[in-house]
Amino acid sequence: MATRYTIGSGVVIAALALTLIALLIPVDRFGSSAQAAVAAPAGDDDGLGTMSTAYGPLTAADRDFVRKVRLAGLWELPAGRQAQQRGTRPAIRTAGEHLVDGHTELDRQVIQVGQALGVDLPNQPSAQQQEWLGQLTRAKGDEYERLFVQLLRRAHGKVFALLAGVRAQTRNSMVRALATSANATVLDHITVLEDSGLVDFDTLSDNVRPTK
């Protein structure tokens with residue numbers, strides 16, 4: 001009897017152990033997948049590592065995001081002013097107005113964040129952004145309006161994707177607040193650009209140039 005009882009107990013314990021393992025494996029896999037789903041996109045690493053601030057840890061990804069917000073304003077503000085002046089469609093002038101208003105406020109915020117966190121900010125658009133501004137300046141008439149919408153919609157789509165990862169992952173309260181504000185601004189700009197009816201969604205991919 002003792003032998004049968006011992007064997008029976010061993011079988012029960014083994015079964016329980018296998019059940020526990022079976023339960024733990026999918027949970028572990030799901031946890032890894034969830035973390036991967038919200039991971040912040042890799043940005044430019046300035047080599048400074050994670051820094052301690054009064055507002056929480058400041059990572060290289062955080063600093064890269066702050067600089068990208070500043071860069072966005074450096075070319076989207078002049079693009080918006082140009083659309084206000086050159087747009088013949090009311091929707092284009094409205095989109096330009098939203099760009100100017102949104103990035104004026106966002107630029108004010110990002111400068112404050114940069115100063116508070118000691119992040120050096122760019123003072124001129126990137127080479128690619130300068131090229132986009134040049135394309136807009138050279139374009140005329142209907143070509144200008146379609147190019148304006150397509151370039152700005154593509155740029156905002158990229159930033160919108162970046163915002164989700166930064167907002168989910170940052171442990172710095174100032175960066176988180178900036179991401180929240182930027183998210184509302186970018187969504188507003190995407191909406192008014194799409195309201196123009198000129199967005200060609202088939203050419204929003206990075207593999208397709210927005211110009212003809």
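At what angle do the axes of helix α2 and helix α5 cross? I got roughly 155°, with the axes of α2 (residues 60–86) and α5 (residues 141–169) coming within 11 Å. Axes here are lines fitted to C-alpha atoms, for helices over the stretch in contact, with angles from 0 to 180 degrees between N-to-C directions. That makes α2 roughly antiparallel to α5 (over 145 degrees). I noted the crossing of α2 and α5 as left-handed (near helix turned anticlockwise from the far one by less than a right angle).

Before going on, I wrote down that this is a predicted model, where local features need pLDDT of at least 70, side-chain atom pairs count only at pLDDT 80 or more, and totals for chains, interfaces and linings use all residues. Residues are numbered from 1 along each chain as its sequence is written, and side-chain values use heavy atoms, leaving out hydrogens and water.

Next I looked up aromatic pairs (ring centres within 6.5 Å, the six-membered ring for Trp). The whole structure has two. I picked Trp75 and Trp132, which sit 4.9 Å centre to centre with 50° between the planes, a tilted pair (stacked is under 30 degrees, edge-to-face over 60, tilted the rest). Trp75 is in α2 and Trp132 in helix α4 (residues 127–138), 57 residues apart. Both Trp75 and Trp132 are buried (under 20% relative accessible area, 1.4 Å probe, protein chains only).

Last, I checked helix α3 (residues 90–117) against α5: their axes come within 11 Å and cross at roughly 40°. I logged this crossing as left-handed too.

How values were computed:
Helix = DSSP H or I, 4+ residues; strand = E, 2+ residues; numbered from the N terminus. Parallel < 35°, antiparallel > 145°, perpendicular 65-115°, else oblique. Buried < 20%, exposed > 50% of the residue type's maximum accessible area, 1.4 Å probe, protein only.
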